[in-house]
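Here's a quick walk through the fold, meant to be read with the model open beside you.

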Amino acid sequence: MSYDLVVSGGTLVNAHGRMDADIAIEEDSIAAIGKRGSFGGDRIIDASDRYVLPGAIDPHTHHGIYNSLAADGDTESRSDLVGGVTTIGNFFRRPGPYTEIMADYFEEAEANYRHDYFFSLGLLSYEHIDEIPQIVDELGITSFKWYMNYKYVATEKFGVDCEMRDDWGDAFIQALANLDVPTTLGYHSENVEITSALGENPYLEVERDENQEYRGYEALVESFPDYAETQSMIAGAALARQHDYDGFYAVHISAGRTADELAKLQSSGWSITGETCTHYLTLTTEECDERHNVNPPVRSARNQEILWQRIADGTISTIGTDHCANLAEDKIGDDVPDSLPGFPSTATMLPLILSEGVNTGRISLERAVAITSTNTAKAWNLYPQKGSLEVGTDADLVVVDLDETRTVTPEVLQSSADYSPYEGREITGWPTHTIANGAVAYEDGEVLAEPGTGSHIDRPI
Ligand SMILES: [Zn+2]
């Protein structure tokens, strides 16, 4: 039998194990997996001496905040494919009714993404909570975000008639718990009373005193202490538990102590998914400058080591990036706490996990697949359509060469961002081919997928 596309000679890796096998693709699905050399195809990719993984999923991006969604959908999905990412989850928040706002947003996405995507909506008001059933039914969106960092400032920042206090969050979780479909609640852990007291709230415009001395990265770490994240994560998870809600997902865990507390809660039977980001695993405070302004901030080497251990032992189960596409000129030259927050990092997600996780022996390749794809698909309700190499699933896969070393430059990454927080770093372990929806989307440095070839993933699957 002959297929559209065959990936031959590689070692297939799923979260539960690996095997030497060929993989046959027909249209946009995996049609067969079998003995090496057993399939003919219109095109055969030779994956000898390389590994074939399920396409990586970055569940945590912020496309459309510094540029239009149309622009980011095009350029950032191009960059994603360079790094083996074939699905992204983009966070979006805006006041006003989502059931009206989203039509334009879907249209911009549909015309521009080069791989599949899903959205998570940040709720900002009681009206948004009332809309949840319609959002799920009509828009196929089952994931949401509770931004603890907007507590008390939502009125000033968004013009909504809501301060996003805990009584509002309580209603939010109850509304999710009352649905009969699985949902995901991304939760930004931050005790904003504590962080606001230590520095001015970074989400409000504040006139800076021009004579004030330069505040470096340490100033950022001091205003966002680790325990303010840890305490908030526990408080949010406790509220979810009171309502028997099992979709609680702690985004971007930056602190070792948050991961340690998460382990204790999980071992007492609490259903909480923990995500960390590649910058907390591969950078330390001393290596950071204004390019790396992000909330929560990058912490010490000790924190980094604990996060790796908590990935290895299963406590932290997914990786995201908090990716956004901004420009160096908008960031460099300011005090660290005043520089534009966020940086680009989806394309380096999988290569950094391979380089600093697998190639250093911290985690197995199977664990790397779990945290970059399989667990992510399960946590965001994309599984089994996404997240594994199995017959009948979407043909999203990536062929990686664990021995290839490249130095990070913006040109390699092909984002619209003209810098990378990892610029100059040598990373070992890169995709040679990325296949999205059954088509060769990236090959040897060149992105082949056209804008508009990706689709929204309607959930629940
Ligand atoms: Zn984020």
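**The seven-stranded sheet**

Seven strands line up as β3-β2-β7-β16-β17-β18-β19 in an open sheet with mixed pairing. At its edges sit β3 (17–20) and β19 (446–447), each pairing on one side only. Keep in mind that this is a predicted model, where local features need pLDDT of at least 70, side-chain atom pairs count only at pLDDT 80 or more, and totals for chains, interfaces and linings use all residues. Residues are numbered from 1 along each chain as its sequence is written.

A few terms, before the details:

- Helices (H or I, at least four residues) and strands (E, at least two) are DSSP runs, numbered from the N terminus.
- Two strands pair if DSSP finds at least two bridges between them.

**Inside that sheet**

- β2 and β3 run antiparallel and are joined by four bridges.
- The link between β2 and β3 is a hairpin through two residues.
- Look for Val 13, which stands opposite Arg 18 in β3.
- Further along, β17 (residues 426–436) pairs with β18 (residues 439–443) over four bridges, again in the antiparallel sense.
- His 433 faces Glu 443 in β18, standing opposite that residue.

**Helices lying across it**

- Helix α12 (residues 349–358) lies across β16 (397–407) and β17, at about 135 degrees to β17; axes are lines fitted to C-alpha atoms, for helices over the stretch in contact, and angles run from 0 to 180 degrees between N-to-C directions.
- Helix α13 (residues 365–379) lies across β2 (11–14), β3 and β7 (51–54), running at about 30 degrees to β7.

**The four-stranded sheet**

- This open sheet has the order β5-β4-β1-β6, with mixed pairing.
- Its edge strands are β5 (29–34) and β6 (40–46), and each of them pairs on one side only.
- Neighbouring strands here are turned by 25 degrees against each other on average, direction ignored.
- β1 (residues 2–8) and β4 (residues 22–26) pair in the antiparallel sense over three bridges.
- Leu 5 has Ile 25 as its bridge partner in β4.

**Domains and their contact**

- The chain splits into domain 1 (2–51 + 395–447) and domain 2 (56–379), with bounds that come from an automatic or database domain assignment.

**A helix pair**

- α2 (residues 98–112) and α3 (residues 126–139) pack at about 45 degrees, with their axes 10 Å apart.
- That makes α2 oblique to α3 (under 35 degrees is roughly parallel, over 145 roughly antiparallel, 65 to 115 roughly perpendicular, and the rest oblique).
- Among the residues making the contact are Tyr 98 and Met 102 of α2, and Ile 135 and Leu 139 of α3.
- The contact residues divide into four nonpolar, three polar and two charged.

**The whole chain**

- In total, the protein chain has 14 helices and 19 strands.
- Along its principal axes the C-alpha trace spans about 65 × 50 × 45 Å.

How values were computed: Contact = placed C-beta atoms within 7 Å. Nonpolar A, V, L, I, M, F, W, Y, C, P; charged D, E, K, R; others polar.
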